[in-house]
There are 2 protein chains.
Amino acid sequence: MIQPVILCGGAGTRLWPESRGARAKQFLSLTGSDSLFQQTIARTADAMRFLPAVILCGEAHVAIVREQMGRSEAGLLVEPMPRNTAAAIALAVAQADRDTLLLVMPSDHVIADTSSFQEAIAKGAGLAEQDWLVTFGITPDRPETGFGYIASGDALGNGGFAVDRFVEKPPLEEAEKMIAAGGYSWNAGIFLFRAGRMRDAMQTHCPEVLHAAEAAVAAGAREGNALYVDAGTFGDAPSVSIDYAVMEKDGRVAVVPAAMGWSDLGSWQAVHALGASSDDCGNVATGDAVLLDCRACLVRAGDKRVSIIGLEGMAVVVDGDDILILPLSRSQDVRTAANARP
Amino acid sequence: MIQPVILCGGAGTRLWPESRGARAKQFLSLTGSDSLFQQTIARTADAMRFLPAVILCGEAHVAIVREQMGRSEAGLLVEPMPRNTAAAIALAVAQADRDTLLLVMPSDHVIADTSSFQEAIAKGAGLAEQDWLVTFGITPDRPETGFGYIASGDALGNGGFAVDRFVEKPPLEEAEKMIAAGGYSWNAGIFLFRAGRMRDAMQTHCPEVLHAAEAAVAAGAREGNALYVDAGTFGDAPSVSIDYAVMEKDGRVAVVPAAMGWSDLGSWQAVHALGASSDDCGNVATGDAVLLDCRACLVRAGDKRVSIIGLEGMAVVVDGDDILILPLSRSQDVRTAANARP
C-alpha cells in the first residue's frame, strides 16, 4: 500500500490576485469546479491502492484544507513555519512505518491523464520496493526554461531509468539541445520511496533536517486528525529542497518518465491554455463576463461584472477589490504587480 | 442681464458604466474634482452679468442636482418625462419675461477657455438684442463626423455671421471638405436669444411644443425653488430638437464662432484626451491604480484597485461592480456593452 503525501505549503504570487495569503493557488478552482488540491486528493483516493493521505500545510491553511478535503480520511501535519520540501518530507517520513511507500506530490499541479499517472505510479512502486528513490519525470513538449530537467541513464526495466543527473532550470539554448537529444524529462516534484529508505538517505545527506523533523513530530500536539509539529525544534531544520538535499546526492535515484497531461499552471497564460473555451474564439471566461469581438482572452470575473470589447490575448483577473489586466504573454510579470500591492 | 438655462436631462450611455441611470455623464467628475454640471453652473455664476440659472432636469436627477448645485440660487424646472430640447427650452421660455436674454447650455460639455466663452457670449448678446437667434459655433480642429456643422453666411459685425445652413452629421469626405473650405463650425447646442423672440419663433415653427410647455408650466406644482411641470400637458409636446424645430427653419439665425477649448467628452477616448496625465507616458489614471510599463491608457479605478501591465491605448473603467475594458480606439462601441448589461 502507498501513502500519499500531499505538499500543501505553497503560497505563490504567480497567480495573483487570486492566489494570495490564506487562499493559495492549490485551493483555487482553475480548471473546473474542484480546486487543484481537491484534484490531488481525488487522484489517490482509491482505498484499494492507497492509504489515507498525509497533508502537509501551514497553520494559515488548516481551515481551508479542512473545508476542501471534505470527507477524506487524510491526516494533517501542520508546519509552524515553512522549511522547504526536504523538511516537509522528513516530517512525513518521521510519522510513517519504515516499509510504507510514500508518494510525495505537490498539490498545485494539474494531471489531466489520470490513468497514465496511475500506470507510472505502479511502475515506480516496483522500483521503490527495490530501494530506489523514484522521481516521476514529465515528458517535455517544449524547451521550457522554467523547470528543472532530469537526464535518464541506464534502463532499469518496466519503464524506469537510473537518473544520470539533475539539470537546473536551463537557458533556452540548453533546453532546446535537451529536447533535441531526447532522454530528458521535467522534474515535477513527484517522488515515491520507502519511508525507511528515505530516512536512511536523509541520515546520510541532510541529518540536521531529519533530526529536526523527528524531534518536531515527537514533541508535536495532536488535535483530532491533525498533528501540530513543534515549532521550537522544527525551526532548527535548514530550509532546503528535497532535490538539493537528497535526490541530487543519492546514488540510487530512478526516474519514471510519463506523459500524463501535467501542467504546473504556473501563470495565467497556463491557466488560459488549459481552460475550456467558452466560445469558438479561444476565450476562457468564468463568472459574469461579456466579451464582444475578443479573441484568445482569459477572463476570471470573480464576483464582479466584466465587459470587454476588442481585446486579443489579454488576461483580466478579478479578486475581491483587485483587478489585474495584462497581455497573457506578460504573465511572468504578475509578481511585479503583486509586489506593488500591500 | 442674461439668464442661464442649463439643460440637464441627458442620460447617455457613451460613458458607461460610470454614466447610467440617476448618475448621468453631466454629474461625473471627468476632468477634475467638479462635475461637468458644476463646471457649467460656475461658468455663468457671476451675479454681475448673469441672473440665477434655470436648470432643466428629470425627476430622477433632482436629488443629485440639488446635491451638486450647492449654494447656487438656481431654480429647477423638473420634467416629468424627457421631450427633447425644443420642449425643454420652451419650458424655460414660458417662465421668463419676454425681454430676458436666455443662454441655453448643455450641462455635459467641457469649456476649458472660459474667457473666450465669456467673450463670445458678450458678442452674441448684442445680436440677441437685435432679435437674432444666436448659436455659438465651435471652431473645428478636425473633420469630426459625430457633430453637426453650421455654415457661416454674411458677416454681421463684431464676430457674428448670419447662418447660411445647418449640416447634419456628415460623412468623412464631406467633413474634410468643410474643414478645407473654412467658414464652418461645430454645432455645440449653445444658444442665446430674447425669450419673447424664441416664443414667437416657436409659435410660428412648432406651436404644439410651445403650447404644451406653457400649459405644463401653468399647471405645474411649486416646491421651494423647483417647479414640477404638469405631466398630463407636457406629455403632449412632440419630442423634437431645437435645431430641427426652430433653428433650421427660422430666417434670422446667427452664429458666433469661437474656439473655447470645447469638448463634448462624448467617449472615453475624449476623456483620456482631456485628462491630466498622471505620468510621462500619456496615462490618465484616477483612483487606486498601479500601471507598469503602460502607455496612453485611461484608468478610472472607482473604489477598486486596478493593476495593469504592458497595456497601450487601453481604457479601464470601474464603476461599482462593473468593469469595462477596451481599446480607446473602440470607445464608440461602449453602447454595445452597456446594452448587453441589464
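Start by selecting Met247(B): it has 23 C-beta neighbours inside 10 Å and therefore counts as buried. Buried here means 20 or more other C-beta atoms within 10 Å of the residue's own, exposed means 12 or fewer, and partly exposed lies in between, with C-beta atoms placed from the backbone. The model is predicted: local features need pLDDT of at least 70, side-chain atom pairs count only at pLDDT 80 or more, and totals for chains, interfaces and linings use all residues. Residues are numbered from 1 along each chain as its sequence is written, while chains are lettered from A and ligands numbered from 1 in the order in which they are written.

**Around Met247(B)**

Met247(B) belongs to helix α9 (residues 242–247) of chain B. Helices (H or I, at least four residues) and strands (E, at least two) are DSSP runs numbered from the N terminus. Leaving aside neighbours within four places in sequence, show the contacts of Met247(B): Leu133(B), Thr135(B), Phe166(B), Ile242(B) and Val253(B). Contact means that the C-beta atoms of two residues, placed from the backbone, lie within 7 Å. Then draw a distance from Met247(B) to Met198(B): the C-alpha atoms are separated by 9.8 Å, and the two residues are 49 residues apart along the chain.

**Strand β6 of chain A**

Go to chain A and select β6 (residues 133–138). In this strand 6 of the 6 residues are buried, so it is largely enclosed by the rest of the structure. In a regular strand the side chains alternate between the two faces of the sheet. Leu133(A), Thr135(A) and Gly137(A) point one way from β6(A), Val134(A), Phe136(A) and Ile138(A) point the other way, and all are buried.

Strand β12 (residues 253–258) of chain A runs parallel to β6(A) and is joined to it by 6 bridges. There, Val256(A) is opposite Phe136(A). Strand β9 (residues 184–194) of chain A runs antiparallel to β6(A), with 4 bridges. Leu192(A) in β9(A) is the bridge partner of Val134(A).

**Two helices in chain A**

Select α6 (residues 195–205) and α7 (residues 207–218) of chain A. Their axes come within 6 Å and cross at roughly 125°. Axes are lines fitted to C-alpha atoms, for helices over the stretch in contact, and angles run from 0 to 180 degrees between N-to-C directions. α6(A) and α7(A) are therefore oblique to each other; angles under 35 degrees count as roughly parallel, over 145 as roughly antiparallel, 65 to 115 as roughly perpendicular and the rest as oblique. Arg199(A), Met202(A) and Gln203(A) of α6(A) make the contact with Pro207(A), Val209(A) and Leu210(A) of α7(A).

Back in chain B, select α3 (residues 84–94), where 10 of the 11 residues are buried. Among them are Thr85(B), Ile89(B), Leu91(B) and Val93(B). Asn84(B), also in α3, is partly exposed, with 17 other C-beta atoms within 10 Å. Although not a glycine, Asn84(B) has a positive phi of about 70°.

Next is Ser116(B) in helix α4 (residues 114–129) of chain B. Ser116(B) has 16 C-beta neighbours inside 10 Å and counts as partly exposed. Beyond four places in sequence, Ser116(B) is in contact with Ala258(B), Ala259(B) and Met260(B).

**Backbone stops**

Which peptide bond is cis, with omega near 5°? In chain A, the one from Trp16(A) to Pro17(A). Pro17(A) is in the loop between β1 (2–7) and α1 (36–43) of chain A. In chain B, a cis peptide bond joins Trp16(B) and Pro17(B), with omega about 5°.

Asn158(B), in the loop between β7 (149–157) and β8 (160–167) of chain B, has a positive phi near 60°. With 11 C-beta neighbours inside 10 Å, Asn158(B) counts as exposed.

**Where the chains meet**

Finally, show both chains. The contact takes 25 residues from chain A and 25 residues from chain B. On chain A, β14 (284–292), β15 (298–309), β16 (314–319), β17 (322–327) and α11 (334–339) each supply at least two residues of the side that touches chain B. Across the contact, 4 bridges join β15(A) to β17 (residues 322–327) of chain B, and these strands run parallel. Val306(A) has Ile323(B) as its bridge partner in β17(B).

Chain A can be laid on chain B with an RMSD of 0.1 Å by a turn of 180° and a shift of 0.0 Å along the axis. That is the relation of a two-fold axis; copies are superposed by least squares on the C-alpha atoms of residues with pLDDT of at least 70 in both. 100% of the interface residues of chain A are also interface residues in chain B, so the copies meet through the same surface.

Technical notes
Pairing = 2+ DSSP bridges.
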